[in-house]
Amino acid sequence: MAGSYPYRIPPQQNGMASKILLLLTALPLTLALFAFVLQWRGGLNDPAGRWAGDSNKFPGMSTDSPSNGHSVTGSDCSDRLAQSASPTFPYYRGWTFEFAADTRPKICITTSTSAGLDQILPWIYYHKVIGVTNFLLFVEGKAAAANTSAILENIPGVKVVHRTKDLEEKQAKSRIWNETWLSSFFFRPCNYELFVKQSLNMEMAIVMAREFNMDWIIHLDTDELLHPAGAREYSLRQLLLDVPKNVDMVVFPNYESAIERDDIKEPFSEVSMFKKNYDHVTKETYFGLYKEATRGNPNYFLTYGNGKAAARVQDHLRPNGAHRWHNYMKSPNEIKLEEAAVLHYTYSKFSDLTSRRDRCGCKPTKEDVKRCFMLEFDRSAFIIASTATEEEMHHWYRDRIVWTDKDLNLKLIRKGLLTRIYAPMSVFQVIVQGLKEAGVFSNALASGHAVLEKSMSKEKFLSSMSDSSRTNSSVAQAVENKDGDKHQAKLMEKVGEGEMQAATRKLLETSIHTVMAVPPLAPPSLDVYTGSF
């Protein structure tokens with residue numbers, strides 16, 4: 001009798017299924033256990049855990065900092081990871097900023113400034129934090145005031161040079177004054193005059209840099225900050241240390257501040273949005289969004305777009321205008337940085353409109369401003385500041401300079417033309433507060449005032465001994481300064497002493513060796529692009 005039997009899985013298939021099930025169960029457990037062991041032994045470099053044990057406001061700061069330390073919270077961690085560029089400051093050691101004598105490379109910054117102490121002091125200490133050792137300050141205006149210069153001179157590594165009649169006479173005999181590459185800027189007012197002063201001061205700064213045994217020299221204005229992005233740590237020194245030995249000049253493309261309010265008081269600690277340089281974006285993005293990024297202004301940037309440069313201190317070095325350096329004996333080997341930049345805080349305060357106006361005596365006409373300003377936006381700003389009412393100036397400032405359209409800002413950030421940079425803002429907020437708490441500002445003020453009082457006491461004594469001589473000198477100075485043209489004519493007479501030498505040099509110069517001064521240049525305009533969108 002035929003019977004029916006239930007279906008049975010062959011023994012060999014049953015064993016195979018059991019093995020597969022066991023493998024699938026054991027494999028995840030084994031991997032999880034392996035990962036746990038690695039992390040427990042410190043072999044796993046977890047980026048989130050990297051911040052967990054940090055007891056300082058910024059990584060890289062020593063634990064004995066006078067600023068109040070605190071443990072990093074979860075929100076701090078997420079913020080830092082979101083910004084993806086949390087700085088470390090290897091040269092922050094308390095508030096003394098003392099560098100070892102053999103530390104290399106040694107970097108100096110030279111500037112020509114008329115800013116006040118409230119701007120210069122934080123600017124100096126910020127750059128000390130990122131590794132700058134020396135500062136060569138050519139001062140006039142507010143910066144040349146007796147109390148200000150006395151304070152600055154008492155900061156280690158700072159050399160202050162006043163713009164005196166004696167200095168002008170020495171510069172009138174200098175080499176570059178009697179050469180042709182800078183001569184097209186001579187005897188012209190406002191920005192041209194400043195450009196010549198900067199170049200002459202840079203020539204003197206090179207000599208000082210060699211005396212101080214510097215390795216690199218950088219010309220920077222006091223409304224600019226170096227941003228050493230791309231280095232292994234937030235350090236200008238590390239950035240330049242990695243530069244190949246055969247490189248003579250390093251170009252930092254400039255980013256321009258894009259303010260979002262019209263009531264900025266301290267740009268360095270209040271501004272975080274910047275417009276990126278043409279060299280750091282794609283050509284398609286730059287020209288494709290050019291009109292939106294320009295917002296009716298003459299150019300992509302309000303002012304210059306050709307960056308600033310650091311030069312290796314060496315024989316035959318000379319300035320080539322405020323933005324570049326050159327060498328009398330060779331064409332410098334130059335590289336341009338792909339991430340690091342100069343952050344230019346231009347027109348970041350409403351008062352910048354009137355302060356620029358007050359420094360220039362040109363007529364507010366379209367024709368006259370061309371002889372005073374090199375860039376179109378500066379010309380427009382000068383005319384507005386000279387002719388408009390306060391209300392009209394505010395309206396123009398918000399329309400042309402302040403980025404109030406949040407949707408447009410977000411779009412340009414996503415496209416890569418605008419960017420957020422928080423490091424300098426964070427540095428300033430911590431440094432300024434820390435300097436105040438540590439008494440650095442008060443110590444500098446006290447030292448400066450002590451020097452000033454001593455100097456004034458000496459001057460008072462000398463004046464009592466030679467009052468008549470001083471009076472005669474004052475009268476002579478007043479007569480000489482009564483007419484600026486007379487003073488300028490006297491300088492021209494000094495230049496005349498070297499006319500024959502300059503003429504000879506001009507004959508010997510050839511086109512291959514003559515490199516004209518590089519002025520502040522606007523970024524590429526839409527006119528130069530042949531593509532269509």
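Asp 248 is placed in the loop between α7 (236–241) and β6 (249–252); helices (H or I, at least four residues) and strands (E, at least two) are DSSP runs, numbered from the N terminus. The model is a predicted one, in which local features need pLDDT of at least 70 and side-chain atom pairs count only at pLDDT 80 or more, whereas totals for chains, interfaces and linings use all residues. Residues are numbered from 1 along each chain as its sequence is written, and side-chain values use heavy atoms, with hydrogens and water left out.

With a relative accessible area of 10%, Asp 248 is buried, where buried means under 20% relative accessible area, exposed over 50% and partly exposed in between (1.4 Å probe, protein chains only). Residues up to four places away in sequence being excluded, Asp 248 touches Trp 216, Ala 310, Ala 311, Arg 312, Gln 314, Lys 330, Pro 332 and Asn 333; contact means heavy atoms within 4.5 Å. The C-alpha atoms of Asp 248 and Arg 312 are 5.3 Å apart, at a sequence separation of 64 residues. The side chain of Asp 248 forms a polar contact of 3.1 Å with that of Gln 314. A polar atom of the Asp 248 side chain also lies 2.8 Å from the backbone nitrogen of Asn 333. A polar contact is a pair of N or O atoms within 3.5 Å; within protein, one must be able to donate a hydrogen and the other to accept it, and residues adjacent in sequence count only if both atoms are side-chain atoms.

Seven strands form an open sheet of mixed pairing, in the order β3-β2-β1-β4-β9-β6-β12; two strands pair if DSSP finds at least two bridges between them. Angles run from 0 to 180 degrees between N-to-C directions, and axes are lines fitted to C-alpha atoms, for helices over the stretch in contact.

Strand β4 (residues 216–219) runs parallel to β1 (residues 107–113), to which four bridges join it. Cys 108 has Ile 217 as its bridge partner in β4. Three bridges join β4 to β9 (residues 308–312), and this pair runs antiparallel; here Ile 218 stands opposite Ala 310. In a regular strand the side chains alternate between the two faces of the sheet. In β4 both faces are covered, with Trp 216 and Ile 218 on one side and Ile 217 and His 219 on the other, all of them buried.

Phe 135 lies in strand β2 and, at 0% relative accessibility, counts as buried. Its C-alpha atom is separated by 5.8 Å from that of Thr 110, 25 residues apart along the chain. Beyond four places in sequence, the contacts of Phe 135 are Ile 109, Trp 123, Ile 124, His 127, Lys 128, Gly 157, Val 158 and Lys 159.

Helix α4 (residues 146–153) touches β2 (134–139) and β3, and its direction makes about 150° with that of β3. Helix α6 lies across β1, β2, β3 and β4 and runs at about 145° to β2. The 21 residues of α6 (residues 191–211) should span 30 Å at 1.5 Å a residue, which agrees with the 30 Å between its end C-alpha atoms; the expected span is 1.5 Å times one less than the number of residues. Asn 213, with a positive phi near 60°, follows α6.

The largest nonpolar core has 68 residues, of which Leu 137, Leu 152, Leu 236 and Phe 252 touch the most other members. Such a core is a set of buried Ala, Val, Leu, Ile, Met, Phe, Trp, Tyr and Cys residues joined through side-chain atoms within 4.5 Å. Helix α3 (residues 117–129) provides the largest share of this core, eight residues. Another core, of 19 residues, lies apart from it and includes Phe 138, Leu 167, Met 214 and Ala 311.

Asn 409, in helix α14 (residues 406–415), is buried at 4% relative accessibility. Over the protein chain, which has 19 helices and 14 strands, buried residues make up 46% of the 533 residues.
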